[in-house]
Amino acid sequence: LEILVTILNENDNSPVFKQTNLTQVVPEDTKVNATVIAHEELSASDADLDTIFYELTTIVQGTEGYFAIKGVNNPEIYLRRALDYDKFKLTTLLLYAQDRPVGSSDTTNTATATINILIEQSDTKPPWFLPCTFINTENNICISSPYTGRVNISEVSTEPLILEPGPIHAIDPDYTINERIVYSIVGGDTDKVFSVDADTGNLTMNKAATSPDGFLLQVMATQVNNIQKYSIASVEIKVINKSEHPPFFENKIYNGTVFVGLAPRSFVFQAGDPSRPLMITAVDDDFPDV
């Protein structure tokens with residue numbers, strides 16, 4: 001008697017990942033829809049030779065929606081939204097592999113792989129002049145106020161000019177990269193009165209200003225590695241007459257008279273002449289006509 005025996009394959013094996021814990025570094029400027037982790041690194045195997053179904057979830061709050069898989073049977077992970085290093089620097093994904101479709105009533109075996117995504121800051125921002133003020137809640141655009149200073153007419157300062165609100169200074173806001181920045185004057189100095197130190201940003205004088213007209217300089221901060229990454233700040237320089245004399249009061253003593261019962265902010269009158277308000281005046285020999 002010949003007996004033919006057929007062995008039925010039971011679903012008694014779980015899918016197996018090559019790696020159950022994987023770390024991947026992703027540059028901040030990765031293009032949307034680009035592959036982050038290839039199919040070959042994430043595919044699971046099954047000794048029962050079942051078709052494997054995948055599902056990806058994000059477990060770090062606030063980082064949902066940035067990464068996804070190509071399909072229910074394709075675990076390749078791609079970028080769905082543009083990254084921003086200032087928003088988050090890492091996230092963790094869970095990749096599930098099942099040997100039955102989601103929702104199936106059949107016995108299902110599941111495997112899980114943990115994927116750690118580390119965001120690497122890229123050179124995406126131009127230099128910022130300091131101090132500056134953020135103009136949005138995401139803190140990725142910082143606008144500086146103009147610098148201001150003054151020089152004496154017909155006089156050359158031998159020291160770097162003192163400016164408000166501080167010296168000319170710019171930084172690379174991509175702080176983990178911190179590219180070197182150089183400075184140059186690109187406008188407002190047709191007579192070459194001023195120079196800016198390329199490395200420090202200190203503003204100095206080449207020669208005296210001979211006109212009372214002020215200057216509105218345009219100073220550019222440029223990244224050495226990429227001249228297309230630059231910012232421009234305005235520097236207003238006023239030209240003034242040199243002050244050689246301190247102001248002084250015309251009289252050493254002033255005498256005034258007030259009356260009982262006057263309302264606040266009422267005039268104080270000159271002593272001996274209640275019809276004339278008391279005037280306290282000072283003069284300056286640097287400004288004889290004022």
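I take a disulfide to be a pair of cysteine sulfur atoms within 2.5 Å.

**Basis.** I work from a predicted model, in which local features need pLDDT of at least 70 and side-chain atom pairs count only at pLDDT 80 or more, while totals for chains, interfaces and linings use all residues. I number residues from 1 along each chain as its sequence is written, and side-chain values use heavy atoms, with hydrogens and water left out.

**Disulfide.** I looked up the count under this rule and found one disulfide. Cys-132 is joined to Cys-142, with an S to S distance of 2.1 Å. I note that this link is right-handed, with 100° about the S-S bond. Cys-132 lies in strand 11 (residues 132–134) and Cys-142 in strand 12 (residues 142–144), ten residues apart; strands are DSSP runs of E, at least two residues, numbered from the N terminus.

Cys-132 is partly exposed at 22%, whereas Cys-142 is buried at 8%.

**Pocket lining.** I find 16 lining residues, with Arg-150, Val-151, Asn-152, Glu-155 and Ile-240 nearest the centre of the pocket. Strand 13 (residues 147–152) supplies the largest share of this lining, four residues.

How values were computed
Buried < 20%, exposed > 50% of the residue type's maximum accessible area, 1.4 Å probe, protein only. 1 Å grid on protein atoms, 1.4 Å probe; cavity = no way out; pocket = protein on both sides within 12 Å on 5 of 7 lines; lining within 4 Å.
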